[in-house]
Amino acid sequence: MKPFFVYLLRCADGAYYCGQTDDIDARMQQHDAGKIGFTSTRKPVELVWQGEFETRVAAIAFEQRIKGWSRAKKEALIAGDWCRVSELARSESGERSLDGPQEGPFDSAQDRLRPAQPERVLVAGVLGSDPHAQRRAIAKAITLLESTRAEHRQQADELLNALLPHTGKSFRLGISGVPGVGKSTFIEALGLFLIAQGHRVAVLAVDPSSSVSGGSILGDKTRMERLSADERAFIRPSPAGGTLGGVAAKTREAMLVCEAAGYGVVIVETVGVGQSETAVAGMTDMFVLLQLPNAGDDLQAIKRGVMELADLVVINKADLDEAAATRARAQITSALRLFGQQGHPHHARHDRSLWHPLVLQLSALRGTGLAEFWGHVSHFRELQRASGRAAARPYLISLSSSATAASSC
Ligand code: GDP
């Protein structure tokens, strides 16, 4: 039988709005569009609690009761602290005492408050339009996805199923390079450049070893400070611990959350020293490798497999030594041509009649060359669209296959 819902929304001024409905998703969209619950002084911004009832009568009765509740009692309900709700009910006049967590404040014995569904709260938050509430909901949603607890896995699956229809519109850019090459400087400069052009940008890191390597600690507050302060950006550090396959699967899922939240560009960062590049190249639309100006002098030092995955190679820090950067550009260009001629299987990624991997030089620190870089990325994207390749993203076909895909990475 279809349930009825009672819910609480947090409003911009900190007050709570209480409502009931038999279609929670449609109702949240109405709130979001400002069709319900908006007044000149009140703006609902975040779904913070919901409960299910078997009959409309019970839902309406409970809604009426919550409306008379004190703020403290509503907050105890939101926190799921039924003992506190009962305690407050006892101390507030005119409210009969409650028996405990299971019984709850119901008038009819057949109506029971089923456990709130946190994933629905998160779905509403991720799809919502308030940027602060949305960023919080995305962070919580990704934490839920990263959880290994069995009940969280089920919630995570439901969360993804609900978000899936809203995904598929973002451009996914993989960025790799050894620690110190300038990835975070580059991503921050690129992110700010894209934001200035009206895009919203999400950044996710993928290396399981990041917390020890020091190369990808996006959580370190000194990294991408300006970008993370911008409400049009979302930055998520690498999931702590876990195997490469596991982390890659989580990143894939986190990417879907960011897509559903409407981030037009999702950047996935990885430290270009291991196998995670293969996973990242496989889950993004374009894979970019950052190199140093002296890289061309020592092609041996470059992981050939990683280089072969690149759709575009960027020689960063060109400001340090322009001549070396130009030399590196020429050497890497010819190396890429050679890889192509040898027909490495990864180059199936590049349809040679459409795209030859490019080498550019820029300075992330000075922000020079970014417009040219984005011009090439946009061109690549156009070609992909025209050839229908973007539509063939493997992980969008079925979520249930994502674990298999990740473990094969
Ligand atoms: P990551 O480890 O790859 O994320 O590298 P970072 O972005 O943290 O950069 C490492 C160092 O290189 C920092 O001191 C940056 O300021 C510096 N750096 C990054 N990009 C450039 C650049 O284009 N030119 C110069 N001169 N230094 C840069």
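Guide: A crossing of two helices is called left-handed if the near helix is turned anticlockwise from the far one by less than a right angle, and right-handed if it is turned clockwise. Please keep in mind that the model is predicted: local features need pLDDT of at least 70, side-chain atom pairs count only at pLDDT 80 or more, and totals for chains, interfaces and linings use all residues. Residues are numbered from 1 along each chain as its sequence is written.

Visitor: Thank you! How many helices and strands does the chain have?

Guide: There are 17 helices and ten strands. Helices (H or I, at least four residues) and strands (E, at least two) are DSSP runs, numbered from the N terminus.

Visitor: What is the handedness of the crossing of α5 and α6?

Guide: The crossing of α5 and α6 is left-handed.

Visitor: And why are α5 and α6 called oblique to each other?

Guide: The axes of helix α5 (residues 118-127) and α6 come within 8 Å and cross at roughly 140 degrees. Axes are lines fitted to C-alpha atoms, for helices over the stretch in contact, and angles run from 0 to 180 degrees between N-to-C directions. Angles under 35 degrees count as roughly parallel, over 145 as roughly antiparallel, 65 to 115 as roughly perpendicular and the rest as oblique. The value for α5 and α6 belongs to the rest, so this pair is oblique.

Visitor: Which residues make the contact of α5 with α6?

Guide: From α5 come Glu119, Leu122, Gly125 and Val126, and from α6 come Ala133, Gln134, Arg136, Ala137, Ile138, Lys140, Ala141 and Leu144. Two residues are in contact if their C-beta atoms, placed from the backbone, lie within 7 Å. Sorted by class, the contact of α5 with α6 has seven nonpolar, two polar and three charged residues. Ala, Val, Leu, Ile, Met, Phe, Trp, Tyr, Cys and Pro count as nonpolar, Asp, Glu, Lys and Arg as charged, and the others, Gly among them, as polar.

Visitor: Lysine 140 is in helix α6. What makes lysine 140 partly exposed?

Guide: A residue is buried if 20 or more other C-beta atoms lie within 10 Å of its own, exposed if 12 or fewer, and partly exposed in between, with C-beta atoms placed from the backbone. Lysine 140 has 18 such neighbours, so it falls in between. Lysine 140 and glutamate 119 are 21 residues apart in sequence, and their C-alpha atoms are 9.6 Å apart in space.

Visitor: Why is α3 called roughly antiparallel to α4?

Guide: The axes of helix α3 (residues 71-78) and helix α4 (residues 82-91) come within 8 Å and cross at roughly 160 degrees. This angle is over the antiparallel limit, so α3 is roughly antiparallel to α4. Their crossing is left-handed. Ala72, Lys73, Ala76 and Leu77 of α3 meet Arg84, Val85 and Leu88 of α4. Here the classes are five nonpolar, no polar and two charged.

Visitor: Is lysine 317 buried or exposed?

Guide: Lysine 317 has 24 C-beta neighbours inside 10 Å, so it counts as buried. The loop between β9 (312-315) and α14 (322-341) holds lysine 317. Its phi is near 60 degrees, a positive value in a residue other than glycine.

Visitor: Which residues come nearest to the ligand?

Guide: Of the 16 residues around the ligand, those are Gly182, Lys183, Ser184, Thr185 and Leu365. By class, the shell has five nonpolar, eight polar and three charged residues.

Conventions. Near = placed C-beta within 6 Å.
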